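Visitor: I have a structure open and I'd like to learn how to read it. Could you walk me through it?

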Amino acid sequence: MLAAAAAASVKFSPASAGTGTTTKLAFKPVHLPPLPNAVRRPLSLSARPLYRQEPFLAATRNDRAASMAPPAATADGARPVETAAAPEAAKSAKIGVYFATWWALNVIFNIYNKKVLNAFPYPWLTSTLSLAAGSAIMLVSWATRIAEAPQTDLDFWKALSPVAIAHTIGHVAATVSMAKVAVSFTHIIKSAEPAFSVLVSRFFLGEHFPLPVYFSLLPIIGGCALAAVTELNFNMIGFMGAMISNLAFVFRNIFSKKGMKGKSVSGMNYYACLSMLSLVILLPFAFAMEGPKVWAAGWQNAVAEIGPNFVWWVAAQSVFYHLYNQVSYMSLDEISPLTFSVGNTMKRISVIVASIIIFRTPVQPVNALGAAIAILGTFIYSQAKQ
């Protein structure tokens with residue numbers, strides 16, 4: 001039909017017909033009627049092809065199923081808020097459980113430790129029993145496969161040796177302090193540990209800190225000094241024990257950071273190995289400082305005075321010492337150093353308050369003010385350090 005219309009519109013010129021010249025064609029435009037019900041549709045990159053394949057229906061069902069499923073991670077690893085919120089909430093809950101357990105176990109340990117030392121004033125044996133109980137617990141856990149034993153070598157134990165020496169000194173010194181003074185006073189003095197950390201790092205390691213860190217030491221030192229001067233039951237041996245414990249634990253942290261780089265040992269197993277090595281170091285000194293004869297006489301007097309409950313006190317302080325330290329190292333695996341510092345500060349507050357209530361320790365308002373200033377300085381330090 002189109003061809004016929006086009007042929008009808010072609011005209012031959014007479015001049016060109018008689019001669020052999022090129023034929024000149026003249027065309028007229030052809031206007032076709034519009035198609036009925038024609039609707040213009042814009043092009044779309046997402047338009048489906050005009051043909052259908054065999055598995056089209058199956059693909060449609062798969063598309064519907066995929067649209068109902070939760071979206072997966074994008075190419076850059078980001079996930080929607082809904083899917084990321086659940087793991088974050090679970091992690092926060094886990095850290096909260098760690099912190100609550102850590103503080104509760106620490107309070108229980110300090111209470112039973114003070115009870116034992118009041119009836120049995122032999123801190124070297126008390127410290128030894130704490131490390132021995134933790135070592136026994138972990139050896140049984142490894143033997144029964146409750147916990148997976150760590151893969152260690154000679155280099156691991158060499159790197160752990162200075163950490164264990166510092167840990168042993170700090171542990172014994174703190175126990176000596178609590179044998180001589182109130183638990184609250186020991187922990188007020190031990191809240192000055194950040195000041196020791198800054199001073200040791202500055203003068204022994206050559207590290208420099210911003211001015212807010214140095215200024216945060218002023219309330220720590222001032223608060224501890226105020227609390228010590230106004231302490232009703234002040235004892236120089238107890239005071240020096242807490243100060244030596246601070247210094248030893250600072251060196252323990254420094255040696256731990258330097259010696260354990262690249263070591264893949266969990267926090268629980270790391271502290272277990274630390275307890276065992278510290279026990280080996282402490283045993284000969286405990287025998288030399290006190291000895292079995294002194295222990296036997298003191299044990300008989302304590303049992304005669306307290307009764308069978310004394311044995312449970314000793315067992316409780318030994319077990320809870322290991323448990324609270326183990327949970328603190330497990331917490332450190334999950335949180336940042338800043339969060340750990342804040343948690344450690346709050347732990348001291350809970351111990352100080354609980355010991356004052358349980359042992360009815362007399363506290364003057366000026367003494368309480370000094371403790372509050374020292375704790376506040378410790379919190380400010382943890383913020384400025386990070």
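Guide: Happy to. Helices (H or I, at least four residues) and strands (E, at least two) are DSSP runs, numbered from the N terminus. By that rule Arg 360 sits in the loop between helix H14 (337-359) and helix H15 (365-385). One caution: this is a predicted model, where local features need pLDDT of at least 70, side-chain atom pairs count only at pLDDT 80 or more, and totals for chains, interfaces and linings use all residues. Residues are numbered from 1 along each chain as its sequence is written, and side-chain values use heavy atoms, with hydrogens and water left out.

Visitor: How many helices and strands are there in the protein?

Guide: The protein has 15 helices and zero strands.

Visitor: Is Arg 145 buried or exposed?

Guide: Buried means under 20% relative accessible area, exposed over 50%, and partly exposed in between (1.4 Å probe, protein chains only). Arg 145 has 73% relative accessibility, so it counts as exposed. Arg 360, with a relative accessible area of 72%, is exposed. Ser 201, in helix H8 (residues 193-203), is buried, with a relative accessible area of 6%. Of the 386 residues of the protein, 39% count as buried.

Visitor: Which residues is Ser 201 in contact with?

Guide: Contact means heavy atoms within 4.5 Å. Leaving aside neighbours within four places in sequence, Ser 201 touches Gly 206, Glu 207, Phe 209 and Ile 254. For the protein, take the contacts with a separation of 6 or more: residues 24 or more positions apart account for 85% of them.

Visitor: And how do I read a nonpolar core?

Guide: In soluble globular proteins, nonpolar side chains tend to be buried together. A nonpolar core here is a set of buried Ala, Val, Leu, Ile, Met, Phe, Trp, Tyr and Cys residues joined through side-chain atoms within 4.5 Å. The largest has 30 residues, and those touching the most other members are Trp 142, Phe 156, Leu 160, Tyr 270, Leu 274, Tyr 321 and Tyr 324. Two or more residues each come from helix H4 (81-119), helix H5 (123-143), helix H6 (154-180), helix H11 (267-289) and helix H13 (309-334). H11 gives the most, with nine residues. Apart from this core lies another, of 20 residues, among them Phe 209, Ile 220, Cys 224 and Ala 374.

Visitor: Where do the axes of H5 and H6 come, and at what angle do they cross?

Guide: Axes are lines fitted to C-alpha atoms, for helices over the stretch in contact, and angles run from 0 to 180 degrees between N-to-C directions. The H5 and H6 axes come within 9 Å and cross at roughly 130°. Angles under 35 degrees count as roughly parallel, over 145 as roughly antiparallel, 65 to 115 as roughly perpendicular and the rest as oblique, so H5 and H6 are oblique to each other. Residues making the contact include Ser 130 and Leu 131 of H5 and His 167 and His 171 of H6. Tyr 321 is in contact with Ser 130, Leu 131, His 167 and His 171, among others.
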